[in-house]
Amino acid sequence: MASTAADLARRKAREEDGTGSQANAIPFNQQDFEQLRSECLQSGSLFCDPTFPATWDSLGYNQLGRYSSKTIGVEWKRPTELCPAPQFIVDGAKRTDICQGALGDCWLLAAVASLTLDPQILSRVVPPGQSFTSQYTGIFHFQLWQYGEWVDVVVDDRLPTRDGKLLFVHSAEGKEFWSALLEKAYAKVNSSYEALTGGSSIEGFEDFTGGIAESYDLKEAPPSLFNIIRKALKLGSLLGCSIDISSSYETEAITSQKLVKGHAYSITAAEQVHSSGSLVDLLRIRNPWGQVEWTGAWSDDSREWAGVGPEERRKLDHRADDGEFWMSYSDFLRQFSRLDICNLTPDTLTSNQVARWNYAEFKGVWRVGSTAGGCRNYPGTSVTQRSEVTEGQTEDDASV
């Protein structure tokens, strides 16, 4: 009882002074970014993170462990050793900055890609003003939502490489490093890179926003789902989708129309176009690999585009070999199995017009046989967050 009372007292004190809020994030591992950077500037040294060192332990414990064939030849290098003029962000963070490497964290990268659609939210996760020129000391920081609180995570910029190239996530241009460093920060809070192998985009969505997520089984999709998707994108929600697998042998198996099973995609737009006198619902979907695109109807070079006027074609910008493609909503329902939507909490939104719902937060602990019911693969026992419908809302309004 004494320990419970002390914990409650600490929580109350934190709530009163705002500790753990976005404006007053808690230094992860008690590492203060400004203090550490100042110390490096004074000593003229580059930061080396003692809590997440450039060693085998930070890579992994099994498939990425010390004696694994997958880690032969791995070297930790700073971006300044990989290219002559590295940059943190070039012309704003874009979806194409995120190309998956030799790590099964497509679920995380799909969440990051969705994050780039809203510069305001992205700037909360990736604090601005960081660079490889002004006050560069090899230290960077990011903010993540962990267990009901915002934490500020510092990392050094030593990244795993092989043959002079980044081993994991990288930008298409090769000289932009914000996404690789964000991946490292996420690996740090999860103890290693290998811990990121396999997961749900919902986890990434929530850890980047503190938002409240919901899932739809597309075999039982409500009639209004396309409108829900459009409204969610308009309100800044993050969206991901995936194709279920029946066994581990199907993981990342590629279908005849170039869709990847057991793989996380992000949904980046929803539009309606006029085609041969009819209105067609389309979704823009991105593969975090940065390649391997849908080849069916409404893909980059499909004949369906011939029926769309030139102005609409230019608006949709449908031809690029970047892993992003358009697909009809009807095909989406047939091809994909699950849709995840992460709705932003009212404190995330700055416009009074979109903060139309409330939420409540409850503190708790995992208890064997009670609340520790497993991950989201077991919806019957997993503890999930739910939003509450506010007075005067419709059910559809509450979904977004």
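**A walk through the model**

Glu203 touches Trp107 and Tyr186, where residues up to four places away in sequence are not counted and where contact means heavy atoms within 4.5 Å. This is a predicted model, in which local features need pLDDT of at least 70 and side-chain atom pairs count only at pLDDT 80 or more, while totals for chains, interfaces and linings use all residues. Residues are numbered from 1 along each chain as its sequence is written, and side-chain values use heavy atoms, with hydrogens and water left out.

Glu203 lies in helix H8; helices (H or I, at least four residues) and strands (E, at least two) are DSSP runs, numbered from the N terminus. Glu203 is partly exposed, with a relative accessible area of 33%, on a scale where buried means under 20% relative accessible area, exposed over 50%, and partly exposed in between (1.4 Å probe, protein chains only). Although Glu203 and Leu108 are 95 residues apart along the chain, their C-alpha atoms are separated by 7.9 Å.

S1 and strand S4 (residues 149-156) run parallel and are joined by two bridges, and Ile26 stands opposite Val151 in S4.

We turn next to the annotated site. In an unreviewed entry, UniProt lists Cys106, His263 and Asn287 for "active site"; its positions are given in the numbering used here, feature names are shortened, and annotations may be inferred rather than shown by experiment. These residues span 182 residues in sequence, yet no two of their C-alpha atoms are more than 8.5 Å apart, so they gather at one spot.

His263 lies in the loop between strand S8 (238-242) and strand S9 (264-275), and is buried, with a relative accessible area of 1%. Not counting residues up to four places away in sequence, His263 touches a set of residues that includes Cys106, Cys241, Glu252 and Asn287. Asn287, for its part, is found in the loop between strand S10 (278-286) and helix H10 (310-316), and counts as buried at 0% relative accessibility. The side chains of Asn287 and His263 are joined by a polar contact of 2.7 Å, a term for a pair of N or O atoms within 3.5 Å; within protein, one must be able to donate a hydrogen and the other to accept it, and residues adjacent in sequence count only if both atoms are side-chain atoms.

Among the cysteines, Cys241 is buried, with a relative accessible area of 2%, and Cys83 counts as buried at 13%.

Technical notes. Two strands pair if DSSP finds at least two bridges between them.
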